[in-house]
Each structure stands twice: as structure tokens, then as C-alpha cells.
Amino acid sequence: MSEIVYVTEENFQSEVIAASQPVVVDFTAVWCGPCKMLEPVVKELASEWEGKVRVVKLDVDHAPNLAMQYQVMGVPTLMLFSEGKPKERLTGYQSKKRIQKKFAAYLD
């Protein structure tokens, strides 16, 4: 299983916007309880989606401009980017099944 990497404001363009496959960005914060609860689910999905969808994390405290740009008002927020654009979004703790259903169209 590959480790989920953190992206930053400096590499967001190359890692997410210019990515050749869909990317799920987990907008998170170290102080966020629901983010910690969601982490095992995100890791599981990253493993299952390997080769289809890339999963990365972004700490909103270290990337406030990106959080503002994508109107992330609460964490955790999962946002799926495809072809450089945000396509789907889920905010707050979500079940694995709900995340899979919401992002299913981009998993082929």
C-alpha cells in the first residue's frame, strides 16, 4: 500500500491540477477530530483505488490560500479533481460507502 502524501501550495498545480488521473484531495488539519476518524477510511480507499485515483492530503493550516480558493469551509473535506477541475465534494466525516458512491463515476 502506498503512503498518502501531503501536497502544498507550492506543488498543488503539478500534483493535483496537472495530474493525468483523478485526484482526491483530503483537506484536513492536525487538530481536527473528525479528520482523525476519517483517516483510516481514506487510507483504505487510497489502497483500493490505487492505479485509478490518486489520494493526497492537504493541511488547510499550511495552505490557507488553497482552502479559500476552493471554498473549504470545514474539515475534513474530500474533493475529487478530474482534468484539473474540482468535480465532487464531501464535507465532514463520511462512511466509506458514501464516499465510494459519491466518487464512483470517476473510478473507471
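This is a predicted model: local features need pLDDT of at least 70, side-chain atom pairs count only at pLDDT 80 or more; totals for chains, interfaces and linings use all residues.
1. **The main nonpolar core.** The largest nonpolar core has 21 residues, and those with the most contacts inside it are Phe12, Val16, Val25 and Tyr70. Two or more residues of this core come from each of helix H1 (12–17), strand S2 (23–28), strand S3 (54–59), helix H3 (64–69) and strand S4 (77–82). Apart from it lies another core, this one of 16 residues, with Val41, Val55, Leu78 and Leu107 among them.

2. **Surroundings of tyrosine 70.** When its neighbours within four places in sequence are left aside, tyrosine 70 is in contact with Phe12, Ile17, Phe27, Met79, Phe81, Pro86 and Arg89. Tyr70 is also one of the residues with the most contacts inside the largest core, and together with Phe12 and Phe81 it forms one aromatic cluster.

3. **Aromatic pairs.** The structure holds four aromatic pairs. One of them is made by phenylalanine 12 and phenylalanine 81, whose rings are arranged edge-to-face, at 5.6 Å centre to centre and with 80 degrees between the planes. This pair links distant parts of the chain, since phenylalanine 12 belongs to helix H1 and phenylalanine 81 to strand S4, 69 residues apart. Both phenylalanine 12 and phenylalanine 81 are buried.

4. **The disulfide.** The structure holds one disulfide, which joins cysteine 32 to cysteine 35 with an S to S distance of 2.3 Å. The torsion about the S-S bond of cysteine 32 and cysteine 35 is about 85 degrees, and the disulfide is therefore right-handed. Cysteine 32 and cysteine 35 are both buried.

5. Side chains of opposite charge can pair when their charged atoms come close. The structure holds six salt bridges, and in one of them arginine 54 is joined to glutamate 15, with the closest N and O atoms 2.5 Å apart. Here too distant parts of the chain are linked, with arginine 54 in strand S3 and glutamate 15 in helix H1, 39 residues apart. Arginine 54 counts as partly exposed because its relative accessibility is 27%, and glutamate 15, at 25% relative accessibility, also counts as partly exposed.

6. Lysine 57 and aspartate 26 meet through their side chains in a salt bridge of 2.8 Å, N to O. Lysine 57 lies in strand S3 and aspartate 26 in strand S2, so this pair ties together parts that are 31 residues apart in sequence. Are these two charged residues, lysine 57 and aspartate 26, buried or exposed? Lysine 57 is buried, and aspartate 26 is buried as well.

7. Glutamate 39 and lysine 43 form a salt bridge through their side chains, at 3.6 Å from N to O. Both residues lie in helix H2 (residues 33–48), where glutamate 39 and lysine 43 are four residues apart, about one turn of the helix. Glutamate 39 counts as partly exposed because its relative accessibility is 29%, and lysine 43 is partly exposed with a relative accessible area of 31%.

8. **Glutamine 94.** This residue, glutamine 94, is placed in the loop between strand S5 (85–91) and helix H4 (96–103). Why does glutamine 94 count as buried? Its relative accessibility is 11%, and the cut-off for buried is under 20%. The side chain of glutamine 94 makes a polar contact of 3.0 Å with the side chain of arginine 98. Not counting residues up to four places away in sequence, glutamine 94 touches Leu38 and Ile99.

9. **Serine 20.** Serine 20 is found in the loop between H1 and S2. At 83% relative accessibility, serine 20 counts as exposed, because the cut-off for exposed is over 50%. The C-alpha atom of serine 20 is separated by 27 Å from the C-alpha atom of serine 95, a residue 75 places away along the chain.

Note on methods. Residues are numbered from 1 along each chain as its sequence is written. Side-chain values use heavy atoms; hydrogens and water are left out. A nonpolar core is a set of buried Ala, Val, Leu, Ile, Met, Phe, Trp, Tyr and Cys residues joined through side-chain atoms within 4.5 Å. Buried means under 20% relative accessible area, exposed over 50%, partly exposed in between (1.4 Å probe, protein chains only). Contact means heavy atoms within 4.5 Å. A polar contact is a pair of N or O atoms within 3.5 Å; within protein, one must be able to donate a hydrogen and the other to accept it, and residues adjacent in sequence count only if both atoms are side-chain atoms. A salt bridge is a side-chain nitrogen of Lys or Arg within 4 Å of a carboxyl oxygen of Asp or Glu. Rings of Phe, Tyr and Trp (its six-membered ring) pair if their centres lie within 6.5 Å; planes under 30 degrees apart count as stacked, over 60 as edge-to-face and the rest as tilted. A disulfide is a pair of cysteine sulfur atoms within 2.5 Å.
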